[in-house]
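Biologist: I would like to learn how to read a structure with two chains. Could you walk me through it, one feature at a time?

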Amino acid sequence: MVMTRKTRRLILIGTVGAILATAIGLVLFALSGQITLYKTPSEIVEQPMPEGRRLRIGGLVEVGSVVRKDGGQVDFKVTDTANAVSVTYIGLLPDLFKEGQGVVAEGRLDQAGLFHADTVLAKHDERYMPKEVVDALKARGVWIEGQPGGPTPSAKN
Amino acid sequence: MIVEFGHFALILALAVAIAQSVLPIAGFFRRDPALMAVAPRASLMLLLLVAIAFSALTYAYLVSDFSVLNVIENSHSEKPLIFKISGVWGNHEGSMLLWALILALFGAAVALFGGNLPLTLKANVLAVQGWISTAFLAFILTTSNPFLRVAEPPMEGKDLNPVLQDIGLAIHPPLLYLGYVGFSIAFAFAIAALIEGRIDAAWARWVRPWVLAAWIFLTAGIAMGSYWAYYELGWGGFWFWDPVENASLMPWLVGTALLHSAVVMEKREALKVWTVLLAILAFSLSLLGTFLVRSGVLTSVHAFANDPTRGVFILAILCLFIGGGFAMFAFRAGTLRQGGLFAPLSREGALVLNNVFLTVAAGVVLFGTLVPLIVSAFGGAISVGAPYFNTVFGPLFGVTLLVVPLGPLLAWKRGDLLGALERLWMVFVIAALIGLAVAWLNGATHLLAAVGFGVAAWVLVGAFAELWSRARFREVGLAVGFQRLAGLPRSTFGTALAHAGLGLTLLGIVSTSAFQSEAILEMKPGDTTTVGGYSVTFDGIRNTPGSNYSEMLATMTVRKGGTVRFIVSPSRRFYTARQMPTSEAGIRTHGLSQFYVTLGGEGRETGSVVVRMWEKPLVTLIWLGALVMMAGGALSLADRRLRVGAPKPARRAAPVVVAD
């Protein structure tokens, strides 16, 4: 089988095109369903999200809301000081998780509006405090620079 | 005084770097050997000066000189010695200085070991290195000066972030930087080739050792970082698709592609333009990675606002080098002559396929990493995490893995796919049997795991197929077979080892993801629970003081079949200077598996604790695999054909390939 430069080039372009198309297809598929939307507690309360959608909520851990249960289950509320969302989580809370301090929870809402978190991040550094939370908290005047929950020097290189 | 001395040395270094940027290239255009000869001398001088600056900063840390702002913010007089040293690069300013030091180190290495390089190429390569050095030194001096003093020194420092007070930090960033910066050499070679408008197989032979070395360090840095996150963060995971991790994965993927395309170029003079493009891309992603991490731009564009000058400077450097590199490529790539025809089904073809997959994989990771940034520019707020990357990266990389054993079995120019598959049927049978065995042992519930084990076995066993087929044990007998093996170039063994390491890592990932057992519960002293076939008894907690922290240590006795297997001691520390708690996981390695316990703080009753435990089968293979990959890289690096001064590739090996 003798191939001209042109045929070879066509095969190469075809292969690259096919791989690119597959990759773009995968990306679009993932973008449609597997991107986590960021919401504040107020947004969730005011405009209910479709249940089962992966969400990330950020705010402060409401003081007095943390209840520990059997099997490592922890219930707490995330508030932006106007509205609060109830969160339930099974697992170990991060070292810096504290009532009254910044937290980001990732998971899904159920029908009853209870947020089932599979990941809870307290700030290790500013990376875990999305700027939306900071802005929301600043707007309500509850943001304290330099406090735990506020920005600190970067934690990871 | 010593601090000022360091500061002064850094300023001098900038001056030397500027000279190194301009003079050799002027010498190239004016054909003046004397000017070109400035390059190696300037590189050595640059290394000396940056090393002095770095030592001065290290000295300030060692003696806890709290009149230096950087030391105040990141050190503490009671901090253990090793963390005083590693604290030097545990912050933005110091880590940039480390970057500059490693850059100077690589430049000096080219100057010293590039004896066989043509004078013009050497001059241009070092000049491009000089541009990078100039940019970084200017960045450090103007926006991130680690030598700043304060007027009223405090009595005590603020201590290093406790999460960073770990042996992992001492090793991980330098390794990663050696990888990132190593690609700067490939970049410099690429730009030099574009300046000269000439490139040949010898170019690939000069570049490959540097790419290989950078790749080995980057592999080490990523693996080390992964293991560090695994034991230090206490989440039990080894990869989180965090932007910071992605930042190191992207250059690795493109660097791996570069490594393979350079082979094609060296052997067959094909893929020249593509190789140059990959070299520019690998370093661009390294730069991007460094700055994404350093500026914190990714998770919040906000970080720019914190220090506007720094942000603008970073953007300028990125635009200059990435934009400049690509612009140069666009204008000059046409002057590079193409060469080396090959059929789609050939070793070259397989390597092209590998390149396409790796680059596309890097592309989707880049997209996933940057898309939150793009969305936030339009006022939205999303985060892209593990689900996206697993969905997109998983299948792409999975298919890449399927092709891995095939490539080395195809001949150059025109390969015989059927012949290659024929030599792989044994490997296929083994992989299929392993997959079936896993499926049979675990029922239909772990179908994906069965496929994963099969693919891992395919890669792992298939890695040795080339050696097996070249030795021809069945035709020529054991003795002659081993002789034939001994006659093979080292890089053949390097390839086999590196590919086998990939298989091992995959095996560890699949095994841990599919078969780990986990328990989260609250335990009182004396309580016993079972996880993964082990019975775990919580003996109690005790409090112990540490050097700059206090510690709550839990003791757990782990039994299997009634006999005590090991004691695990997870703990929680409280760092007094920063008033910050951390948890230290208790990890016991048994065989290739690990038993992992983290302490989640006190429970509801006094003396009780919340714990999370995992039995992670074969988890250590994830990082051992990386070690094997590195060993493969090192073996290739030791190949005589790559050694400096080796006149020609070993022709001896060639007939064997043809005969096969």
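Modeller: We will go through the strands, the contact between the chains, and then some helices and loops. Please keep in mind that this is a predicted model.

Biologist: Let's begin with chain A. How many helices and strands does chain A have?

Modeller: Chain A has three helices and seven strands. Read from the N terminus, the elements follow the order α-β-α-β-β-β-β-β-β-α. Of the 157 residues in chain A, 38% are buried. Looking at contacts in chain A between residues at least 6 apart in sequence, 51% join residues at least 24 apart.

Biologist: How should I read strand pairing?

Modeller: Strands of a sheet pair through backbone hydrogen bonds, and the pairing is either parallel or antiparallel. Take β2(A), residues 54–61, as the case here. β2(A) runs parallel to β1(A), with three bridges joining them. Leu37(A) has Leu55(A) in β2(A) as its bridge partner.

Biologist: Which strands run antiparallel to β2(A)?

Modeller: One of them is β6(A), residues 102–109, joined to β2(A) by seven bridges. There, Leu55(A) stands opposite Gly107(A). Strand β4(A), residues 73–79, also runs antiparallel to β2(A), with two bridges. In that pair, Val61(A) has Val78(A) as its bridge partner.

Biologist: Is β2(A) largely enclosed or in the open?

Modeller: Eight of the eight residues of β2(A) are buried, so the strand is largely enclosed by the rest of the structure.

Biologist: Now the contact between the chains. How do I describe an interface?

Modeller: The size of an interface is often given as the accessible area lost when the parts come together. Here we can describe the contact by its residues: 44 come from chain B and 39 from chain A. On the side of chain B that touches chain A, several elements supply at least two residues each, among them α14 (347–377), α15 (386–403), β10 (593–602) and β11 (609–616).

Biologist: Which element gives the most to that side of chain B?

Modeller: That is α14(B), with seven residues. Sorted by class, the side of chain B that touches chain A has 26 nonpolar, 14 polar and four charged residues.

Biologist: Which strands pair across the two chains?

Modeller: Look at β1(A), residues 36–39, and β1(B): they pair in the antiparallel sense over two bridges. Leu37(A) stands opposite Ile382(B) in β1(B).

Biologist: Let's move to helices. What should I look for?

Modeller: An α-helix has 3.6 residues a turn, so residues three or four places apart point the same way. α8(B), residues 167–196, has 30 residues and reaches 45 Å from its first C-alpha to its last, close to the 44 Å expected. α8(B) is mostly covered, with 23 of its 30 residues buried. Just after α8(B), Gly197(B) takes a positive phi of about 70°.

Biologist: What does that check show for α19(B)?

Modeller: A straight helix of 14 residues would span 20 Å, but α19(B), residues 473–486, spans only 13 Å between its end C-alpha atoms. There is a kink of about 90° in α19(B), centred on Ala479(B). The number of buried residues in α19(B) is zero, so the helix lies largely in the open.

Biologist: Which residues have a positive phi although they are not glycines?

Modeller: Arg472(B) is one of them, with a phi of about 55°. Arg472(B) sits in the loop between α18 (465–471) and α19 of chain B. Leu618(B) also has a positive phi, of about 60°, and lies in the loop between β11 and α21 (621–637) of chain B.

Biologist: Why does Leu618(B) count as buried?

Modeller: Leu618(B) counts as buried because it has 20 C-beta neighbours inside 10 Å. Arg472(B), with 16 other C-beta atoms within 10 Å, is partly exposed.

Terms used
Residues are numbered from 1 along each chain as its sequence is written. Chains are lettered from A and ligands numbered from 1 in the order in which they are written. This is a predicted model: local features need pLDDT of at least 70, side-chain atom pairs count only at pLDDT 80 or more; totals for chains, interfaces and linings use all residues. Two residues are in contact if their C-beta atoms, placed from the backbone, lie within 7 Å. Helices (H or I, at least four residues) and strands (E, at least two) are DSSP runs, numbered from the N terminus. Ala, Val, Leu, Ile, Met, Phe, Trp, Tyr, Cys and Pro count as nonpolar, Asp, Glu, Lys and Arg as charged, and the others, Gly among them, as polar. Two strands pair if DSSP finds at least two bridges between them. A residue is buried if 20 or more other C-beta atoms lie within 10 Å of its own, exposed if 12 or fewer, and partly exposed in between; C-beta atoms are placed from the backbone. The expected span of a helix is 1.5 Å times one less than its number of residues. The bend at a residue is the angle between axes fitted to the seven residues ending there and the seven starting there.
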